[in-house]
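Trainee: Could we go through the charged pairs in this one together?
Mentor: Gladly, let's bring it up and take them in turn.
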Amino acid sequence: MTFSKQKVPYGSWPSPITTDQMLSDSVGLGEICVFDNSVYWIEMRPQENGRYVIVRRTADGRTEDMIPASFNARTRVHEYGGGSYLVFEKGLVFSNFTDQNLYLVNTNGECEALTDNDTCRYADMVYDRRHERLICVREDHSRQGQEAVNTIVAVSLTKPGQETVLVQGADFYSSPRVSPDGSQLCWIAWQHPNMPWDNTRLFVTDIDRDDPSQQSLLVAGHNEAVCEPRWAEDNTLYFISDRSNWWNLYRYKNKQV
């Protein structure tokens, strides 16, 4: 057998082992949640061209894909993604990677579009039961050559395509959360040039207020970052803050932190 020598730059020689061979059988997992005695998660499948699939495991150990094979459950909000699906009483809502619209897979397994907007992206959905709608972060790219506009919007579950802006004015939003009694909405906002771990603000408002922009600012310390707001069953709001230079748990109850 004869071998021919070839001179190539350092680190650029060909290898018989390709990245496709290394990753073809690996599956990434993420966005785990539990609902109605079933566990849900995202599977990132290289063997399906990198498709993100929502999978459910029921209490008896059965697993099944929850979105049609032509869909990819992945959002591009803030470019980082995350918060791409929600499981609730009506079924499962997810952001489809190809068109970035929201789709509902109802309890009968039927899939329908909730939004029809080729310039917007959606993420971090939560169910507003009192008004039969989703509340989520929306990133609007309709202004050509300009930075995207971020807002918190309500997406109707009864009138597909109907959207209402609830909160606007900040450069970025995350974590809209509805209180258990359905009366309050909280969220996190921040401005350029901050990253979410540098300086963020926590807001809350009455969800039925005629002007939702009239919100209360709960946390706005200098160089304080807030994350993971969660409502307890008694409508106490818990969150994590680094105001002491350490991440600690705080609560907001009866208008006191």
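Trainee: Let's start with D128 and R133: are they buried or exposed?
Mentor: Bearing in mind that this is a predicted model, D128 is buried, and R133 is buried as well.
Trainee: And what do the side chains of D128 and R133 form?
Mentor: They form a salt bridge, with an N to O distance of 2.6 Å.
Trainee: Okay, next one: which residue does R130 meet in a salt bridge?
Mentor: The side chain of R130 meets that of D208, and the N to O distance for this salt bridge is 2.6 Å. This pair links distant parts of the chain, since R130 sits in the loop between strand 9 (120-128) and strand 10 (133-140), while D208 lies 78 residues away in the loop between strand 15 (201-206) and strand 16 (216-219).
Trainee: Why is R130 called partly exposed and not buried?
Mentor: Because its relative accessible area is 46%, and buried would require under 20%. D208 is likewise classed as partly exposed, because its relative accessible area is 42%.
Trainee: Changing topic, which residue does R45 form a salt bridge with?
Mentor: R45 pairs with E43, and the closest N and O atoms of that salt bridge are 2.9 Å apart. Both of these residues, R45 and E43, are buried.
Trainee: Which residues are linked in a network with them?
Mentor: The network of salt bridges links E43 and R45 with E48, R51 and D65.
Trainee: And how many salt bridges are there in the whole structure?
Mentor: A search of the whole structure gives 17 salt bridges.

Definitions and conventions:
Residues are numbered from 1 along each chain as its sequence is written. This is a predicted model: local features need pLDDT of at least 70, side-chain atom pairs count only at pLDDT 80 or more; totals for chains, interfaces and linings use all residues. Side-chain values use heavy atoms; hydrogens and water are left out. A salt bridge is a side-chain nitrogen of Lys or Arg within 4 Å of a carboxyl oxygen of Asp or Glu. Buried means under 20% relative accessible area, exposed over 50%, partly exposed in between (1.4 Å probe, protein chains only). Helices (H or I, at least four residues) and strands (E, at least two) are DSSP runs, numbered from the N terminus.
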